[in-house]
Amino acid sequence: MINITLPDGAVRQYEAGVTALDIAKSISEGLARKVLAAKVNGEVIDATRPITTDATLQLLTWTDTDGKSTMWHSSAHLMAEALEALYPGVKLGYGPAIEGGGFYYDVDLGGRTINEEDLRKIEAKMVELAKHNSVYTRKEVSKADALQYFTEKGDEYKIETIHELADGSITFYTQGGFTDLCRGPHIPNTGFIKAIKLTNIAGAYWRGNEKNKMLTRIYGITFPNQKELDEHLALIEEAKKRDHRKLGKELELFTFSEKVGLGLPMWLPKGALLRERLQRFLQEAQMATGYLPVVTPHIGNKNLYVTSGHYEKYGQDSFRPITTPEEGEEFMLKPMNCPHHCELYKASPKSYKDLPVRFAEFGTVYRYEQHGELHGLTRVRGFTQDDAHLFCRPDQVKDEFMKVIDLVLYVFNSLGFQNYTAQVSLRSKEDRSKYIGTDENWELAEQAIIESAAAKGLPTVVEYGEAAFYGPKLDFMVKDALGRKWQLGTIQVDYNLPERFELEYIGADNAKHRPVMIHRAPFGSLERFIAVLIEHCGGKFPLWLAPTQVKILPISDKSQEYAEKVAAQLKAADIRAEIDDRSEKIGKKIREAELAKIPYMLVLGEKEATDNLVAVRRQSKGDLGTMTMDQFKELVNEEVVNRKPFE
RNA sequence: GCUGUUGUAGCUCAGGGGUAGAGCACUUCCUUGGUAAGGAAGAGGUCGAGAGUUCAAUUCUCUUCAACAGCUCCA
């Protein structure tokens, strides 16, 4: 008999060789019907594999992340089975589940191309095969047998993969008439897969190497019921509607021009106003926390970046230097603000009493990004960082970190991002050779980050080996209204630049010491942040940010005069209002203001003029009735001051 | 940068070897209308760019540029 410990701490006894599925049945039949896989001693395995020793067991169902990915991985096999049935001779590369949901399989169709219609056919075949309730059967095979199987099948990709595996650790999985080299685990049978959607086709190099052959990658996603698939598809539709590139155009926020250059966004008046408002918001918060504004030029002498080390590391992948005509001196477009800020630090000698020094700048930087990488506002070649560099003593790192976390959370909360996590990136535990700086300082900084994140109650994930070579960091990920994750703010400790720029301060011991530098950007970049904000709120900005807050809609020309009077009053109250004075019907004016996502509309006719009132309409909510100007101004003011989210 | 798809009016898109169409937007006129599209007329295009095939190319072929999807990359 073996002891099985369940997640609630209960210990049950079973015969050795029992499977997770058996155990589930012993608890309840209903549970057994939902079990996709099992986590035994922390390792995810087939629910049908025998358990031979004492173990902790977690039954995985569709509600578990690991349960989902097991099902998606099994779905990739189901798709491969369908592909073999439809396209005999197809060769298979890799077919994993993907983190964001769903799965893909890289396949070699032997020169055949497939299109949308083919996807529907493959889907239909998958649905048909899934109904067979084929069991996923695991089999351990020797390396020789494995090679023989795929040699006979003529699949060179699998053969290449097998060559790299150790004999004795090779397993095959078979469902229906399809057998694949696979580590597993898999769901019990194909019957769990009820709803299937193949989403897109793309090229992908074998093993991600562009020197290798390009395979066809087919993406798909599956669900245990049609309802969840429908919800998933609705979410994709909603995401398309909220695409910042589409909304940016519709709401006249920003634009691109081939003539100006790729990846160089230009801000239209409405977008520029929004951007300025965000800048001012952060600037005010920073001034209150002891930051000092600085301004540095858009270009810097190449030597600056040689000193910082960026030239050596990124020089070849940067915009080429520009040269002065007479002297031939080389200047680079600024790819980072920190080297400039280091030189600012050195402008005067520093005492330990001066620290921390906090230099803040909305610095526009330019980086060469590969053509295929450019994407709306999220991946550009010129962007503005809400950058600041904190120069402090090693003993001040923790305190500074706490303050920065406060600032970042203040920004997120003010902008309606309620759902965030923090990733702490530390040194790799094994190999520490690639990191610059003393062990002692790293230890201090890593502890400071962990402790300050804990002190602030941040939901945190620690990743070893993810630190930059120059220091550990803390990255903020937010989840937007559609549940998508974005990386925004970042805080990074840097031991490298103070060293390279020989930054110093005079300590209480009258000796020279090296300050620690902290890079931080709550938004990351204004461009990227605004893109995320647009998609988060679907273009319906909170009132305090909305480019136009109020649209005044006179019912006819007769109300024009009153409309202008109201507009003047709003302007005097610092409320951004516009009049729609076209001779269109009120229904049309309302429709257009609604589509432009203007938060408030004032419908003004003869009645309102007579009573000296305004009829207020709220975007996507409708008529709020009439009120006095004072009441309306108070309504707006309250919403602005509290930075309420749109809805 | 690589692979694939796409490129027609300001926007969304139809068409197709004989140099072009719709809806919305725009301009003018009529209409003065009470909570999501009033009516009429008009203007607007080297059909992304270059080359080739052809009597004739926006349409076919090639090259190129850009957008999109994915891959690789990202201080």
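Student: What share of the RNA strand B atoms within 4 Å of the protein belong to sugar or phosphate?
Tutor: In this predicted model, 47% of them do, and the rest belong to bases. Local features need pLDDT of at least 70, side-chain atom pairs count only at pLDDT 80 or more, and totals for chains, interfaces and linings use all residues. Residues are numbered from 1 along each chain as its sequence is written, and side-chain values use heavy atoms, without hydrogens and water.
Student: Which polar side-chain contact reaches a base nitrogen?
Tutor: R591 has a polar side-chain atom 2.5 Å from one; a polar contact is a pair of N or O atoms within 3.5 Å. K607 instead uses a backbone N or O atom, 3.0 Å from a base oxygen.
Student: And which helix gives the largest share of that surface?
Tutor: Helix 18 does, with eight residues. It spans 586-595; helices here are DSSP runs of H or I, at least four residues, and strands are E runs of at least two.
Student: Switching topic: what is the strand order in the three-stranded open sheet?
Tutor: The order is 18-20-19, with antiparallel pairing; strands pair if DSSP finds at least two bridges between them. Strands 18 (299-301) and 19 (322-323) are the edges.
Student: Which residue is the bridge partner of I322?
Tutor: F331, in strand 20.

Methods:
Chains lettered and ligands numbered in written order. Near = heavy atom within 4 Å. Polar contact = N/O pair within 3.5 Å; in protein donor to acceptor, adjacent residues only side chain to side chain.
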